[in-house]
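Work through the exercises below with the model open. Each task is followed by a stepwise solution.

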Amino acid sequence: MQKTNAPVAKELVLVGGGHSHVAVLRRFGMRPLPGLRLTLITRDIHTPYSGMLPGYIAGHYDFDECHIDLGPLARFAGARLYHGEVEGLDPEARVLHVSGRPPVYFDLLSINTGSRPGTVDVPGAVEFALPVKPIDAFLRRWERLIERVTASRGSFRIAVVGGGAGGVELALATQYRLQKLLAERGDDPDRLEYVLLTQGPEVLPTHSEGVRKRFVRVLGERSVRLLTNHRVTEVREGAVLAGGHAEVPADAVLWVTSASAPTWPAQSGLAVNDAGFIRVDANLQSISHPGIFAAGDVAALPDPRPKSGVFAVRQGPVLTDNLRRAATGRDLRPYRPQRNFLGLISTGDRYAVASRGEWSMEGAWLWRMKDWIDRRFMTRFNELPDMPEEAGPKLASGVADHEAIRELSTLAMRCGGCGAKVGSTVLTRVMQRLPVTRRDDVVLGIDAPDDATVLSVPPGRLLVQSVDYFRAFIDDTYTFGRIAANHALGDLFAMGAEAQSALAIATVPYGRERVVEESLYELLAGALAVLQPSGAVLAGGHSSEGAELAFGLTVNGLVDPDAIWRKGGMRPGDALVLTKPLGTGTLFAADMRRKAKGRWIEDAITSMCLSNQVGGECLRRFHATACTDVTGFGLLGHLLEMTRASEVDVVLEVNALPLLDGAAETVAAGILSSLQPQNLRLRRGVADLERAARHPHFPLLFDPQTAGGLLASVPASEAQDCVEELQRLGYPAAAVIGRVEARSDAPEPVRLVL
Ligand SMILES: Cc1cc2nc3c(=O)[nH]c(=O)nc-3n(C[C@H](O)[C@H](O)[C@H](O)COP(=O)(O)OP(=O)(O)OC[C@H]3O[C@@H](n4cnc5c(N)ncnc54)[C@H](O)[C@@H]3O)c2cc1C
């Protein structure tokens, strides 16, 4: 990871992983600015590269070939990656409101969130049309449309609304793919009927006469009916209406009209144009709010250009430079858009038309050239160069970053007492912002601060305690707080206890007071988001500043003496149930090396954020006799603890083990957690080891888990119902993974079925 480890002086928040921001991330990864912390907030972890989108729809590229994976890119940039959708902005308070997490503070803000097609004011369009933006949503619905078409009988009519380059390309790409699929199934490709509607007198209005003629010809050759001067006024089920014209029947409507703006920038008070796009000056800086930048489709430039990925890409380097300049208090430099650019518009069948000013040309070789250019572009983002592990201030070169370094030195001096407590005013402010809950059995807690927390244990109950502590393994402070709390509580739920209270120990990176406050706030807000639904209160803790983010919790639970689950309760004949998939160790080891796909990490995070509380309650209803949570020692380590305590053997069905997406791939690539060798020592507990070790999933038995699932022995007669109930309750990967047998003479208590 490109980390500077310098104190955080300023927060630069990038909203949206669009075509400009991917360049910003790459460039900051190549040359970090010590003291400037980057955070990327994005709704989607994979950015579709607009140039390859029609090729993807036509079936020429797979998902990874035409998507920029923001996970490894953010790691390369040393940026925190916050997966969420920005829903509001308060430019005065300098905070962003993001779905599913607390507000995010910024010193500098850059917005590159793209646009949406303007369906909003056409009746029926939202209900019945498939808007092409947001693209990820379109791609999901496109897969469903493929299923509908292939399952249909007789003619199937598709109307494409919008006659710009996007609409024309989409019509031809979808037609190519669907006809090919039908032909491959022995079905009649000609039962597809296409119509393209556009409100103006011609298609491709921003291109030359030559380009238009070529496309009118291509559309004719491909039997796409072109309806010009058809402004769609309504979409109904099965038809589109264009004022003054006859109804156009349509079984599916693809909506690719001119771009419309998201609503939150205008609502925030940022200066926007009549259409709601953010008004920026030539430096890409908001004309109303210095320190806020915008690029790509969402920005309204003084010298406007068509909304196109090409321009968003071109703005990336200037935007990076200006963000760097703004962070260091230097003059900004203008972005000078080119007047003419070479557009390569594809026809779906590996053929393209070139357009530049009045000039045009067409051919299959142009598609090959476009393919080569696009693939080369993608390589820059999906094959990132290796950089030194720690890029210190020496990487910030020249006068350019002088100011930042000076500011940092001041900060570094302030941080002289490293490891010092977070200042009491900061702590007080953070606590005031957090929701406080109370319990009668927490006699003195965080709302009545004293030298220590005072808890009472109700008569007849026992106190259960556990402690966990982690260095941050993800660059998302709030989510890290959630996972750490979940992991810690897992021990209580595995004992059958009810969560009562927690004490937190937090280390947040050195930085400016406001930055420290926000880090601590996000961390504790994350922990509280998990503690509160579990019934536990945050009763106290300790916080300090340090070189890196780290967090731990001591958790206290209450249990009835006869309800304690021990590891030693397994009985021969029981089934082994695991509630969550395995693989967090290898996946995060791969993530550190930028070898994990962003979507794998997102799935792993979702799994780690899933509490074991409901799962534990379910296991109890199905009469589980022993339970543990699968964490640092890996599945086998924890299972051996159970077999030893229960004096039983177990048979594990390796092929039944639920795995996180990507875990098998990262293990196959030889990427393992640093704890793996230690855990692997326990392999002597496995019978017929040589054979067992040949199974590709064998290493996952030793993979250390963070916030892993519960492993329980359940009466065999109830196991299947238990798993179905767990799945219904939100543990989709829950599975029966083996059975318990009486202790045999074999020295190894674990036998694998491969
Ligand atoms: C079918 C089709 C074909 C096209 N073909 C081409 C082409 O060949 N060449 C070309 O140059 N252009 C093409 N375009 C246009 C091009 O797609 C857009 O101009 C381009 O994607 C805009 O880039 P951007 O960087 O502004 O935003 P985008 O690429 O749209 O990226 C926006 C990002 O912001 C994120 N985001 C959005 N809202 C939020 C939010 N509220 N909070 C957090 N994150 C958010 C999204 O997840 C996304 O990652 C095509 C468009 C279509 C519809």
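**Exercise 1. Helices on a sheet**

Task: In this predicted model, find the strands that helix α5 lies across, then describe the sheet.

Solution: 
- Start with the helix. α5 spans residues 135-151 and lies across β11, β12, β13 (192-197) and β18. Its direction runs at about 140° to β11.
- Now order the strands. The open sheet has five, arranged β11-β18-β12-β13-β14. Their pairing is parallel.
- Locate the edges. β11 (129-131) and β14 (224-227) each pair on one side only.
- On average, neighbouring strands are turned by 20° against each other, direction ignored.

**Exercise 2. Following α9 from end to end**

Task: Where is the kink in α9, and what lies at the start of the helix and after it?

Solution: 
- Begin at the start. A side-chain oxygen of S308 comes within 3.1 Å of the backbone nitrogen of V310.
- Take the span. α9 (residues 309-327) has 19 residues. From first C-alpha to last, α9 reaches 26 Å, close to the 27 Å expected at 1.5 Å a residue.
- Find the kink. A bend of about 35° sits at G316.
- Finish beyond the helix. G329 follows α9 and has a positive phi, near 70°.

**Exercise 3. Positive phi without glycine**

Task: L204 and A707 have positive phi values. Are these residues buried or exposed?

Solution: 
- Take L204. This residue is not a glycine, yet its phi is positive, about 45°. L204 sits in the loop between β13 and α7 (209-221).
- Apply the cut-off. Buried means under 20% relative accessible area. L204 has 0% relative accessibility, so L204 counts as buried.
- Take A707. Its phi is also positive, about 45°, although A707 is not a glycine. The loop here runs between α21 (689-692) and β35 (710-714).
- Apply the cut-off again. A707 is at 5% relative accessibility and therefore counts as buried.

Conventions:
Residues numbered from 1 in each chain as written. Predicted model: local features only at pLDDT ≥ 70, side-chain atom pairs only at ≥ 80, totals over all residues. Heavy atoms only, no water. Pairing = 2+ DSSP bridges. Helix = DSSP H or I, 4+ residues; strand = E, 2+ residues; numbered from the N terminus. Axes fitted to C-alpha atoms, helices over the stretch in contact; angles between N-to-C directions. Contact = heavy atoms within 4.5 Å. Expected span 1.5 Å × (residues − 1). Bend = angle between axes of the 7 residues up to and from the residue. Polar contact = N/O pair within 3.5 Å; in protein donor to acceptor, adjacent residues only side chain to side chain. Buried < 20%, exposed > 50% of the residue type's maximum accessible area, 1.4 Å probe, protein only.
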